[in-house]
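Thanks for coming. I will go through one structure today, sheet by sheet, and then turn to the cores and the helix packing.

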Amino acid sequence: MCAHVLVAEDDVRQATVIRRYLEREGHTALVVHDGRAAIDEARRRRPDLLVLDVMMPVVDGLDVCRVLRGESSGLPVLMLTARATEEDLLLGLDLGADDYMTKPYSPRELMARIRTLLRRSRRTAAAVPDDRRPTDPVLRAGALSVDPVRHTVHLGGRQVECTPGEFEVLAVMAAEPERVFTRRQLLTRTRGSDRFITERSIDVHILNLRKKLEADPKQPVLLLTVFGVGYKMADGPEGHRAH
C-alpha cells in the first residue's frame with residue numbers, strides 16, 4: 001500500500017528521519033517546514049496522509065488542521081507534538097486530527113500508526129465492481145445511513161462530511177442501533193486494544209458528530225448518552241427527528 005505522505009515538521013533532522021522511514025516502506029514523502037507551506041501543498045498535492053507537527057513557524061499545526069478540516073474531512077491527519085497533556089490531545093482531536101503522538105517517539109511506532117491510518121482511510125468502492133458489491137452494504141438507523149464501502153454518511157438525503165475517526169465511531173454504532181457502548185468498547189473497536197489513547201477522545205468524536213447530525217446538539221435525539229455507561233445510537237422515529 002504505497003501512499004503519498006505530506007510531512008510538516010520544522011525540525012529538519014526529525015523530518016529527514018520520517019522521510020527516510022516512509023521511503024523505506026515504499027511511500028513517497030514531501031517535506032515542508034512551516035504551516036503555510038503545509039496548507040499550500042495539501043491543497044496542491046492532495047496527499048493520502050498528513051504528518052503534522054503542532055509547533056511550527058508562520059502557521060502552527062493546530063491552525064493548519066483547522067483550515068484543512070474546514071476544506072476536507074477525508075485527509076487523515078497524524079499530529080506530532082512535545083505537548084503531552086490530555087487537554088492538548090483532546091484539542092487536536094477536536095480540530096479533526098485522527099491520531100496524536102507525543103515527542104520523543106519511536107520511528108517504528110510512527111510507521112505503525114501511519115500504516116493503521118492509511119488502512120482506515122482507503123477508499124475501496126472504486127476497486128470493487130458494482131456486480132461484486134453486497135446488495136445493500138449501507139448501515140441504517142432512522143434517517144441516518146452509513147456506507148462503509150463508499151465511506152459516505154447521509155442524513156435524510158443530505159451528505160455529511162466526517163473525519164476518518166468520526167466515521168469509524170459512527171459506523172460501529174450504526175451497525176448495532178440501540179446497543180449501549182462503553183467508551184472503552186468504542187475505543188477498542190475503532191483504535192484497537194493496544195492503542196494508548198484516552199477514552200475521552202470518544203467524547204470528542206461524539207460531540208463533533210452531534211454538531212453535524214443533530215438539530216440541537218445540546219438535546220440529541222440520535223447519538224444518546226447513557227449516563228454512567230456510555231453512548232448509543234437511537235433507531236426508528238427518534239432518529240428521524242434529527243435535522
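**Strands, cores and helix pairs**

Let me start with β7 and strand β8 (residues 152–155), which run antiparallel and are joined by four bridges. Before going on, a note on the source: this is a predicted model, in which local features need pLDDT of at least 70, side-chain atom pairs count only at pLDDT 80 or more, and totals for chains, interfaces and linings use all residues. Residues are numbered from 1 along each chain as its sequence is written, and side-chain values use heavy atoms, with hydrogens and water left out.

Some terms. Helices (H or I, at least four residues) and strands (E, at least two) are DSSP runs, numbered from the N terminus. Two strands pair if DSSP finds at least two bridges between them.

Back to β7 and β8. Which residue in β8 is the bridge partner of S145? The partner is H154. The hairpin of these two strands has four residues between them, and H151 takes a positive phi near 60° there.

Now the side chains. In a regular strand the side chains alternate between the two faces of the sheet. In strand β7 (residues 144–147), L144 and V146 point one way, S145 and D147 point the other way, and all are buried. Buried means under 20% relative accessible area, with exposed over 50% and partly exposed in between, using a 1.4 Å probe and protein chains only.

Next, the parallel sheet. Five strands form an open sheet, in the order β2-β1-β3-β4-β5, with parallel pairing. Why is one side of β2 and of β5 left without a neighbour in the sheet? Because β2 (28–32) and β5 (99–102) stand at the edges, each with a single partner strand. Neighbouring strands of this sheet are turned by 15° against each other on average, direction ignored. For angles in general here, axes are lines fitted to C-alpha atoms, for helices over the stretch in contact, and angles run from 0 to 180 degrees between N-to-C directions.

At one end of that order, strand β4 (residues 77–81) is joined to β5 by four bridges, and T81 stands opposite T102 in β5. Two helices lie across strands of this sheet. Helix α1 (residues 12–24) lies across β1 (4–8), β2, β3 (49–53) and β4, at about 170° to β2. Helix α3 (residues 61–71) lies across β3 and β4, at about 150° to β3.

There is also an antiparallel open sheet of three strands, in the order β10-β12-β11. Its edge strands are β10 (181–182) and β11 (223–226), each pairing on one side only. Helix α6 (residues 164–174) packs on this sheet, touching β10, β11 and β12, and its direction makes about 70° with that of β12. Helix α8 (residues 200–213) lies across β11 and β12, running at about 140° to β11.

On to the cores. A nonpolar core is a set of buried Ala, Val, Leu, Ile, Met, Phe, Trp, Tyr and Cys residues joined through side-chain atoms within 4.5 Å. The largest one has 26 residues, and L144, L170, M173, L213 and M233 have the most contacts inside it. Elements giving two or more residues to this core are β7, β8, α6, α7 (183–191), α8 and β12. Which of them gives the most? That is α6, with seven residues.

L144 shows how these parts meet. Leaving aside its neighbours within four places in sequence, L144 is in contact (heavy atoms within 4.5 Å) with L139, V153, H154, L155, L170, L213, L222 and M233.

Last, the helix pair from that core. The axes of α6 and α8 come within 10 Å and cross at roughly 85°. These two helices are therefore roughly perpendicular to each other; the cut-offs are under 35 degrees for roughly parallel, over 145 for roughly antiparallel, 65 to 115 for roughly perpendicular, and oblique for the rest. Among the residues that meet are G165, L170 and M173 in α6, and I202, L209 and L213 in α8.
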